[in-house]
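Hi there,

Here is the structure I promised to pass on to you.

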Amino acid sequence: MKKKKVIIGLSGGIDSAAVASHLKNEGYEVIGVTFNFLNSDQTILAAKKVAEKLRIEHHVLEAQNQFHKNVMMPFIAAYKKGETPNPCMRCNQTMKFPLLYDFAKANDQAAIATGHYAEVKKKGDSYELWASPNARKDQSYFLYHLDQEVLKKLIFPLNSFESKDQVRGMIRDLLPELSNGAESQGICFIPKKGHQLFLKEAAFGSQPAETGIFVDASGKILGRHSGIQNFTLGQTRGLGLLSNKRWAVVDLEPLTNTVVLDDERALFKNQIFVDQLFVHPNVNLADWEFSFKTCRWGHSYRGRIERLPGNQAIVHCQVPVRAPAPGQALVFYQDRRVLGGGTIKRFEFS
């Protein structure tokens with residue numbers, strides 16, 4: 001019997017290596033695909049080493065230009081507009097999963113596997129995305145947008161692993177140096193020097209950054225700042241403002257490069273406006289009791305939805321939500337089932 005092919009996003013890290021090893025042991029014909037988004041020889045060599053040790057086919061997909069256009073430039077533009085972008089979400093939406101899907105279609109309609117912690121369940125003729133039972137590792141928040149064509153091909157092997165130690169144990173004998181390595185953290189294209197310097201160099205190059213003013217809720221000028229791209233909604237630290245009062249960033253006005261500060265209580269909102277709404281099949285959010293998150297590690301809230309024209313909606317919150325930031329995703333759940341989500345674009349003060 002011919003083995004079922006599976007295409008794996010092979011990063012050279014612990015999780016994707018464990019996925020590849022697990023599926024090979026399950027009898028799949030595993031093909032590793034590494035995305036060259038940042039022209040990183042280190043990433044490619046690490047993935048190649050994993051593929052050689054596992055004796056699996058390996059390909060490198062060159063995608064630097066697409067990544068720069070689809071992920072990095074929108075990231076920079078969003079900060080200049082006073083938003084708080086989610087580049088990992090956008091990368092999944094515009095790069096990783098479309099590329100994996102196209103590669104799988106070109107290879108005998110192969111299955112797709114990644115190292116994400118989530119679950120796909122088939123119900124009737126449709127496929128549902130569920131959060132991982134391992135709540136500490138769950139990544140379904142970043143995957144709410146996956147459509148039926150992708151979900152029906154998708155395998156999340158790590159969902160069956162109870163702990164990170166079990167994942168490490170999967171590859172300890174074959175790749176001991178990798179199994180003891182640290183997990184990747186942060187945004188892949190921002191070096192250790194940090195957000196602010198990256199944004200300054202990317203947005204302004206050698207030109208001086210555009211300075212602006214801090215104001216309070218009444219419009220009183222409190223001081224000057226180095227540009228709204230250095231601030232995010234809800235921020236209370238690192239404001240660079242000499243004051244005995246604990247200020248919080250409650251609004252960003254890109255047209256005037258103004259950062260509005262107020263008491264932290266002003267951050268709590270009862271209504272959240274969502275754009276680019278995506279809802280999974282067989283879900284009418286108006287009929288569902290749902291919870292939602294406005295960031296992966298954030299609290300789970302309850303609410304009801306008011307649909308608007310043009311894939312927009314207002315989420316009415318049962319309890320006020322702290323700092324729902326434009327640019328971040330709002331994802332709907334019923335227990336562990338992912339119902340859909342959208343992008344927070346603006347919010348109503350209430």
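Below is what I found, grouped by region.

Before anything else, please keep in mind that this is a predicted model.

**Helix 1**

Let me start with helix 1, which covers residues 14–25. Helix 1 has 12 residues, and the distance from its first C-alpha to its last is 17 Å, close to the 16 Å expected at 1.5 Å a residue. Of those 12 residues, 10 are buried, so the rest of the structure largely encloses this helix. The buried ones are Ile 14, Asp 15, Ser 16, Ala 17, Ala 18, Val 19, Ala 20, Ser 21, His 22 and Leu 23.

The side chain of Asp 15 makes a polar contact of 3.4 Å with the side chain of Tyr 117. Just after the helix, Gly 27 has a positive phi of about 100°.

**Nonpolar cores**

Which residues touch the most other members of the largest nonpolar core? They are Ile 7, Phe 67, Phe 75, Leu 154, Phe 189 and Phe 198, in a core of 45 residues. Several elements each supply at least two residues of this core: strand 2 (29–36), helix 3 (64–80), helix 4, strand 6 (126–131), helix 5 (148–151), helix 8 (195–204) and strand 16. Helix 4 gives the largest share, eight residues. Apart from this core lies another one, of 23 residues, and its members include Val 19, Leu 54, Phe 161 and Ile 171.

**Ala 104 in helix 4**

Ala 104 belongs to helix 4. With a relative accessibility of 0%, Ala 104 counts as buried. Setting aside neighbours within four places in sequence, Ala 104 is in contact with Ile 7, Gln 109, Ala 110, Ala 111 and Ile 112. Ala 104 and Ile 31 are 73 residues apart in sequence, while their C-alpha atoms are 9.6 Å apart in space.

**Strand 16**

Strand 16 runs over residues 329–334, and five of its six residues are buried, so it too is largely enclosed by the rest of the structure. Its antiparallel pairing with strand 13 (residues 290–293) has three bridges. In one of the places to check, Lys 293 has Val 331 of strand 16 as its bridge partner.

**Salt bridges**

Side chains of opposite charge can pair when their charged atoms come close. How many salt bridges does the model have? The count comes to eight, and I picked out a few for you.

Lys 5 and Asp 108 form a salt bridge through their side chains, at 2.9 Å from N to O. This pair links distant parts of the chain, with the two residues 103 apart: Lys 5 is in strand 1 (residues 5–9), and Asp 108 is in the loop between helix 4 (87–105) and strand 4 (111–113).

Another salt bridge joins Lys 152 to Glu 149, with 3.4 Å between the closest N and O atoms. Lys 152 is partly exposed at 44% relative accessibility, and Glu 149 is partly exposed at 37%.

The side chains of Arg 246 and Glu 264 also meet in a salt bridge, at 3.6 Å from N to O. Arg 246 counts as exposed at 52% relative accessibility, and Glu 264 as partly exposed at 25%. Through shared partners, salt bridges join Arg 246, Glu 264 and Arg 322 into one network.

Notes
Residues numbered from 1 in each chain as written. Predicted model: local features only at pLDDT ≥ 70, side-chain atom pairs only at ≥ 80, totals over all residues. Heavy atoms only, no water. Buried < 20%, exposed > 50% of the residue type's maximum accessible area, 1.4 Å probe, protein only. Helix = DSSP H or I, 4+ residues; strand = E, 2+ residues; numbered from the N terminus. Pairing = 2+ DSSP bridges. Polar contact = N/O pair within 3.5 Å; in protein donor to acceptor, adjacent residues only side chain to side chain. Salt bridge = Lys/Arg side-chain N within 4 Å of Asp/Glu carboxyl O. Contact = heavy atoms within 4.5 Å. Core = buried A, V, L, I, M, F, W, Y, C linked by side-chain atoms within 4.5 Å. Expected span 1.5 Å × (residues − 1).
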